[in-house]
Amino acid sequence: MSEAVAGLKGVVAGQTAICTVGREGNSLHYRGYSIEDMVGRACFEEIAYLLIYGELPNQATLAQYQNKLKQLRTLPTELKAVLKLIPENAHPMDVLKVGCAFLGTLEPEHSPEQQWDIADRLMALFPSMVMYWYQWHHLGREIDTNSDANGVAAHFLELLLQKKPEPMVLEAVDQSLILYAEHEFNASTFAARVTTATLTDFYSAMTSAIGTLRGPLHGGANEAAMALIECYDSPEKARVGLLDKLAHKEKIMGFGHAVYKIRDPRSDIIKGWAKKLGALRQDTVIYPVSEAIEQTMRSEKNMFPNLDFYSAAAYHFCQIPTPLFTPIFVFARIAGWSAHVIEQRHNNKIIRPGAEYTGPAPRNFVAIADR
Ligand SMILES: CC(C)(COP(=O)(O)OP(=O)(O)OC[C@H]1O[C@@H](n2cnc3c(N)ncnc32)[C@H](O)[C@@H]1OP(=O)(O)O)[C@@H](O)C(=O)NCCC(=O)NCCS
């Protein structure tokens with residue numbers, strides 16, 4: 001057996017027709033379309049449809065798809081009861097994990113032909129799940145998760161704010177969902193594919209993916225980035241604080257990437273939104289502090305921000321509570337995860353790599369009475 005590659009970095013672990021990450025100029029493409037081409041010219045559901053169903057929808061197909069998602073926002077009564085039982089101080093990612101697993105017992109997958117409908121159901125229901133639990137526990141109100149809001153971003157924001165969001169906020173969240181929708185063999189998608197490859201059900205794959213995304217080295221980085229930014233009330237304090245953290249070899253969340261080496265193409269786009277939204281809020285602290293952290297990371301470590309860094313400030317300006325940042329990632333990445341589950345099933349082989357053994361050489365077993 002050959003030597004292990006730490007973190008499987010650079011190892012080609014399978015084939016995909018869904019996405020390329022970090023090719024020429026550190027680009028990102030979904031089914032051949034570059035992220036820069038899609039953002040500003042499409043809504044999230046168009047891109048979710050492209051990922052899950054394989055091609056861009058036309059106007060009529062998109063309207064049909066959005067209408068279908070609207071019809072699927074109702075929480076089953078049994079799921080509402082479970083959501084009420086989840087503790088108030090639970091992390092919303094755990095709410096999604098439990099909600100997803102429980103839905104799998106109420107609306108089980110009996111055959112792979114159901115996979116597209118389950119993907120659509122989860123995409124429609126994830127904002128309902130998390131906001132029903134959040135409003136019940138944090139604001140003491142039982143909300144109706146049905147709404148006529150057009151699109152996942154509008155649905156989520158209306159359930160959160162209990163009113164229509166400002167147009168700029170709506171557009172920013174919708175576009176951020178496109179940025180978060182897919183990223184090839186990242187940790188949560190790979191977990192979903194490994195789970196799928198055992199021929200288990202769709203919900204099991206999604207539950208694996210949500211649990212994997214929760215960690216701060218993956219999706220949880222946007223929440224950790226916000227916590228860092230909020231430590232400082234001026235760019236100068238941020239610079240000094242960061243130098244201290246770097247001197248202590250601390251990892252700064254929202255920086256670096258396993259694949260991109262020069263830049264994360266999603267970062268400039270979300271940074272633009274953070275700047276615009278900061279101006280809308282007349283912010284004089286969060287955005288300047290974020291830029292000071294970015295500049296310090298560049299000058300001290302030659303590192304660039306990834307999508308999670310400026311999405312923190314952008315979501316903060318959208319008045320979204322920090323613990324809901326990573327769930328938004330789920331509302332988007334369900335598109336990529338679903339596409340990968342479908343692709344894995346299409347040409348399945350169990351994923352079972354080998355390991356480089358580092359334990360003791362073969363030795364004699366000693367019975368318990370003689371130990
Ligand atoms: C994304 C990440 C996991 C990629 O990991 P990776 O490619 O395996 O990079 P490594 O962990 O091998 O790091 C290489 C070096 O850069 C340093 N480094 C990497 N990311 C860093 C960060 N965010 N802050 C400070 N130093 C960092 C490492 O400490 C390491 O230094 P060393 O060689 O002196 O030990 C890593 O950059 C990270 O932990 N970033 C913060 C979490 C984050 O933002 N995640 C979201 C990703 S989209």
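How far is an oxygen atom of the ligand from a polar backbone atom of Gly254? The distance is 2.7 Å. The legends below describe close-up views of a predicted model.

**View 1. Surroundings of the ligand, with 19 residues around the ligand.** The closest of these residues are Lys9, Leu217, Ile252, Gly254 and Phe255. Gly254 also places a polar backbone atom 2.7 Å from an oxygen atom of the ligand. For Lys251, an N or O atom of the side chain is 2.9 Å from an oxygen atom of the ligand. For Asn306, the corresponding distance from a side-chain N or O atom to an oxygen atom of the ligand is 3.0 Å.

**View 2. Packing of helix H4 (residues 77-85) with helix H5 (residues 92-106).** The two axes come within 10 Å and cross at roughly 150 degrees. Angles over 145 degrees count as roughly antiparallel, so H4 is roughly antiparallel to H5. The crossing of H4 and H5 is right-handed. H4 contributes Glu78, Leu79, Val82 and Leu83 to the contact, and H5 contributes Val95, Val98, Gly99, Phe102, Leu103 and Leu106. By class, eight of the residues in the contact of H4 with H5 are nonpolar, one is polar and one is charged.

**View 3. Packing of helix H9 (residues 187-196) with helix H10 (residues 202-213).** The axes of H9 and H10 come within 8 Å, and their crossing angle is roughly 150 degrees. This angle makes H9 roughly antiparallel to H10. The crossing of H9 and H10 is right-handed. On the H9 side, the residues in contact are Ala187, Ser188, Ala191, Ala192, Thr195 and Thr196. On the H10 side, they are Ser204, Ala205, Ser208, Ala209, Thr212 and Leu213. The contact of H9 with H10 divides into six nonpolar and six polar residues, with no charged residues.

**View 4. Packing of helix H9 with helix H16 (residues 325-346).** H9 and H16 pack at an angle of about 35 degrees, and their axes are 9 Å apart. The crossing of H9 and H16 is right-handed. Ser188, Thr189, Ala192, Arg193 and Thr196 of H9 make the contact with Arg333, Trp337, His340, Val341, Glu343, Gln344 and Arg345 of H16. The residues in the contact of H9 with H16 comprise three nonpolar, five polar and four charged. Ser188, Ala192 and Thr196 of H9 take part in the contact with H16 and also in the contact with H10.

How values were computed:
Residues are numbered from 1 along each chain as its sequence is written. This is a predicted model: local features need pLDDT of at least 70, side-chain atom pairs count only at pLDDT 80 or more; totals for chains, interfaces and linings use all residues. Side-chain values use heavy atoms; hydrogens and water are left out. Axes are lines fitted to C-alpha atoms, for helices over the stretch in contact, and angles run from 0 to 180 degrees between N-to-C directions. Helices (H or I, at least four residues) and strands (E, at least two) are DSSP runs, numbered from the N terminus. Angles under 35 degrees count as roughly parallel, over 145 as roughly antiparallel, 65 to 115 as roughly perpendicular and the rest as oblique. A crossing is left-handed if the near helix is turned anticlockwise from the far one by less than a right angle, and right-handed if clockwise. Contact means heavy atoms within 4.5 Å. Ala, Val, Leu, Ile, Met, Phe, Trp, Tyr, Cys and Pro count as nonpolar, Asp, Glu, Lys and Arg as charged, and the others, Gly among them, as polar. A residue is near a molecule or strand if one of its heavy atoms lies within 4 Å of it. A polar contact is a pair of N or O atoms within 3.5 Å; within protein, one must be able to donate a hydrogen and the other to accept it, and residues adjacent in sequence count only if both atoms are side-chain atoms.
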